[in-house]
Structures are given as C-alpha cells and as structure tokens.
Amino acid sequence: MEKATDRDLGVGPRVGLARSIVGMFRRPALTLEEFAKVPSGWRRGLTLMALMALAYTVVDVQLAFNGVAPIPDPFLRIPAGEYYKWAALFYGAAILAGWLLATGVMQLAARAAGGVGEFESLVAATGLATAVATLPTLIPDLITSTSGIYDTWATSGLSTALPWLYMALYVFLFLVYYPLAVAAVHDVSRGRAIVIGLTGYLLYQGFIFIFIR
C-alpha cells in the first residue's frame with residue numbers, strides 16, 4: 001500500500017520561506033499559488049511581514065541615532081529633528097496595519113467580483129508579496145542607515161540615480177505581485193485581478209506614506 005502524500009491528506013504543499021522568497025523572482029505566479037495553499041500560510045505571511053516591520057524599525061532607530069531629518073516633511077505633528085525618535089514606536093505597527101488594511105480591501109473587492117478565496121489565503125499571498133517587493137528598498141536602507149551615510153551617499157555623481165532605480169524596482173514588483181496574489185487566491189479575470197491589486201497597492205502605499213519617511 002502506497003504511503004499517502006501531504007496533498008492526498010489535504011495538508012497542502014511543503015513550501016519553505018527561503019524557497020518561496022527565491023521563487024518570487026523566478027516564478028512568482030506559481031510561488032504565490034503554492035504559498036497561499038499551505039494551511040499555515042497566513043502565519044508565514046504574518047511572520048515575513050513582522051520581520052520586515054522589525055527590520056524597518058531598526059532602520060528608524062539608526063536614523064534617529066544619526067540625527068537624520070525626514071524627507072519630505074512628515075504629515076504628523078512631530079518636529080522633524082525628533083521624528084525618527086518617536087517613529088520607532090509606530091513604524092512597525094504602521095507597516096502591518098497598512099498591509100492588513102490593503103489585504104482586507106482586496107479581499108472584499110475580490111469577493112464582490114466573484115472570487116471565492118479565503119482571507120487567510122490572501123493574507124499569506126500578500127504577506128509574501130509585500131515582504132519580497134520591499135527588499136529593493138529595505139536592503140539599501142539597512143546598509144546606509146547602519147553605516148551612517150543614509151542622507152549623504154547619493155548626493156553627487158552617478159549615485160544620485162540609484163535611489164530612483166531601486167524605488168522603481170520596488171513599485172514594479174508591487175504592481176506585478178499584488179495582482180498575481182489576488183489571482184492566486186481568487187478565481188477572477190486577469191483584468192479584475194489587476195484592478196484589485198493596483199487598488200490594494202495604492203491603499204497600502206498611501207497609508208504607510210502618512211507614517212513612514
């Protein structure tokens with residue numbers, strides 16, 4: 001008698017976090033589909049987002065330590081010279097809240113468009129998508145804030161173009177990943193997935209822009 005596989009038992013595919021992160025750069029659609037099917041996928045998505053939020057809190061603390069002023073000026077009524085000192089208290093929470101808000105809106109929109117996927121599955125997919133799409137900005141921010149050159153390294157020469165390049169990659173990955181995340185969880189048309197994913201990205205980015213500098 002053959003041994004039953006995880007798929008036969010309804011456990012779902014075994015998908016490691018490291019493999020999934022690499023897969024997002026090779027086969028994002030398939031990777032998101034597999035990740036969303038894992039029963040504990042929502043926990044993994046939440047774990048990735050928590051790690052990303054923690055990493056950006058580290059960036060914030062380094063900026064506060066180095067006396068960096070936020071650009072552009074913050075919306076919140078906090079003096080620019082003290083912004084990063086106070087922001088350490090809400091940086092991570094703002095990132096998580098913006099992600100969950102965007103995911104919730106995408107879930108409601110997808111259901112209204114005829115989708116049948118579960119919110120937990122979309123949490124898994126958007127958690128992976130958001131964490132990986134943020135890497136192009138997170139890695140440079142960690143390096144430059146830790147080394148104390150965050151506000152000076154790209155002020156002259158060819159280096160001035162680098163922030164624009166990694167920001168463009170950041171936006172591009174979100175515009176690709178969020179529609180794919182919706183499509184991976186909900187049985188909706190490509191056009192609807194694109195519209196819902198784009199809406200989710202704009203909501204997420206707009207929310208965190210209020211807090212993140």
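Contact means heavy atoms within 4.5 Å. The model here is predicted, so to speak of local features takes pLDDT of at least 70, side-chain atom pairs count only at pLDDT 80 or more, and totals for chains, interfaces and linings use all residues. Residues are numbered from 1 along each chain as its sequence is written, and side-chain values use heavy atoms, with hydrogens and water left out.

**Exercise 1.** Find Thr-134 and work out whether it is buried or exposed.

*Solution.* Start with helix α6, where Thr-134 lies; helices are DSSP runs of H or I with at least four residues, numbered from the N terminus. Next, check the relative accessible area of Thr-134: it's 3%. Buried means under 20% (exposed is over 50%, partly exposed in between, with a 1.4 Å probe and protein chains only), so Thr-134 is buried. Finally, skip its neighbours within four places in sequence, and you'll find Thr-134 in contact with Met-52, Tyr-56, Tyr-170 and Phe-174.

**Exercise 2.** Work out how the axes of α3 and α6 cross.

*Solution.* First, pick out α3 (residues 41-65) and α6 (residues 119-146): their axes come within 8 Å and cross at roughly 20°. Angles under 35 degrees count as roughly parallel, so α3 is roughly parallel to α6. Then look at who's in the contact: 15 nonpolar, nine polar and two charged residues.

**Exercise 3.** Compare the reach of α5 with the expected one.

*Solution.* Take α5 (residues 91-112), which has 22 residues. From first C-alpha to last, α5 reaches 32 Å, close to the 32 Å expected at 1.5 Å a residue. Then step past its end to Gly-114, whose phi is positive, near 100°.

Terms used
Axes fitted to C-alpha atoms, helices over the stretch in contact; angles between N-to-C directions. Helix = DSSP H or I, 4+ residues; strand = E, 2+ residues; numbered from the N terminus. Parallel < 35°, antiparallel > 145°, perpendicular 65-115°, else oblique. Nonpolar A, V, L, I, M, F, W, Y, C, P; charged D, E, K, R; others polar. Expected span 1.5 Å × (residues − 1).
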